[in-house]
Amino acid sequence: RNVARFFDLIQPSALLFSKFDIWPNCVWEAHRRDIPCALIAGTMHATSKRLRPGLRNLLRHVHNRIALQCAVGEDDAQRLRQLCGPDAEVIVTGDTRFDQVFERAETAPPLPDELPKWDDFCVVAGSTYAPDEEVLIPAFMALRERVSGARLVLVPHEPEPARLADAEKRMASKGLTSARLGALDGAEDPDDLDAVLIDRVGLLAGLYTMGQASFVGGSFNYRVHNVMEPAVHGLPVVFGPLMDNAPEAYGLLDAGGAKRVESSKELADCLIELVETPTVANTMGAAAREYVLDNLGASQRTLDALRQTVLPSVGERA
């Protein structure tokens, strides 16, 4: 009843789903009303519960009512086809997030003036959780034993007061001098700070420009966060073991633009190699950026496919 009421209120001409979050009742009601449905940037990893026999049989009655399914890659397309009939329209158009990340990097506003202007080797750690920081901070300290001027920009995924205080405590326990971005006024000597703790949201994409290497959080907690944001800036990308949610992380590994580490020691060794062997860092960074550039254009390919299937019927209805 709620779905029917929703359609009565909204009166959609088409229904688009993104990635994998497809709502069966919405698809069924749209099909009943002759409203075309499509999936864009569709993903399905090999261990998805949706591929299990019982659930797969149920979802077949959903996916075979979707007019067009645009998959991120061929592996995703093959798995989506397991949920459809043989006549289903499943094509590969790529991941639209590459276009979003690239555009965001190209149009990012200037960083806050109060941020320090460091000339030293800087690691930008984005979207971190406490389990990530338990690995990262000892690894960063091991790096500083070799490179005393190394700096850290730490960007917690959720900069709530308790998380910020916890991160400050972890850094202080290792002897790191840190300050929150909100407490900086630009008058501090940047050499007095070992780390800056970012206490606001919306800056991460631009903050990667401060670094010579990146660590992407979530990868020691639950699942890795956006690995494309540092890659588009040409930074070597490092992350932990939990990355099955992100095919682009595997893509970066295959392209030579990223490294996966399993422990604090492995992370330390990786960071030390990047700072002591500039050719390795430069090669990784260039490969990371090239990987993003090679995957641009998915938005236009997806729109072209929609115009050939779902969108023409919208025009006819109008």
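## Surface and charge

Accessible areas here come from the Shrake-Rupley method with a 1.4 Å probe. On that basis, the chain of this predicted model exposes about 15400 Å². Carbon and sulfur atoms supply 50% of that area.

Charged side chains number 33 positive and 45 negative. The centres of the two sets lie 9 Å apart.

## Overall build

The chain has 318 residues, and 47% of them count as buried. Its C-alpha atoms fill a box of roughly 65 × 40 × 35 Å along the principal axes. The secondary structure comprises 14 helices and eleven strands.

Contacts reach across the sequence. Take those between residues at least 6 apart: 61% of them join residues at least 24 apart.

## The seven-stranded sheet

Strands of a sheet pair through backbone hydrogen bonds, either parallel or antiparallel. Here, seven strands form an open sheet with parallel pairing. Their order is S7-S8-S6-S5-S9-S10-S11. Strand S7 (178-180) and strand S11 (258-260) are the edges, and each pairs on one side only. From one strand to the next, the twist averages 20°.

Look at one pair inside the sheet. Strand S6 (residues 151-156) and strand S8 (residues 195-197) run parallel, joined by three bridges. Val153 has Val196 in S8 as its bridge partner.

## A helix on the sheet

Helix H7 (residues 161-173) packs on this sheet. H7 touches strand S5 (122-128), along with S6, S7 and S8. The direction of H7 makes about 165° with that of S7.

Notes: Residues are numbered from 1 along each chain as its sequence is written. This is a predicted model: local features need pLDDT of at least 70, side-chain atom pairs count only at pLDDT 80 or more; totals for chains, interfaces and linings use all residues. Side-chain values use heavy atoms; hydrogens and water are left out. Helices (H or I, at least four residues) and strands (E, at least two) are DSSP runs, numbered from the N terminus. Buried means under 20% relative accessible area, exposed over 50%, partly exposed in between (1.4 Å probe, protein chains only). Contact means heavy atoms within 4.5 Å. Lys and Arg count as positive and Asp and Glu as negative; His and the chain ends are not counted. The place of a charge is taken as NZ of Lys, CZ of Arg, CG of Asp or CD of Glu. Two strands pair if DSSP finds at least two bridges between them. Axes are lines fitted to C-alpha atoms, for helices over the stretch in contact, and angles run from 0 to 180 degrees between N-to-C directions.
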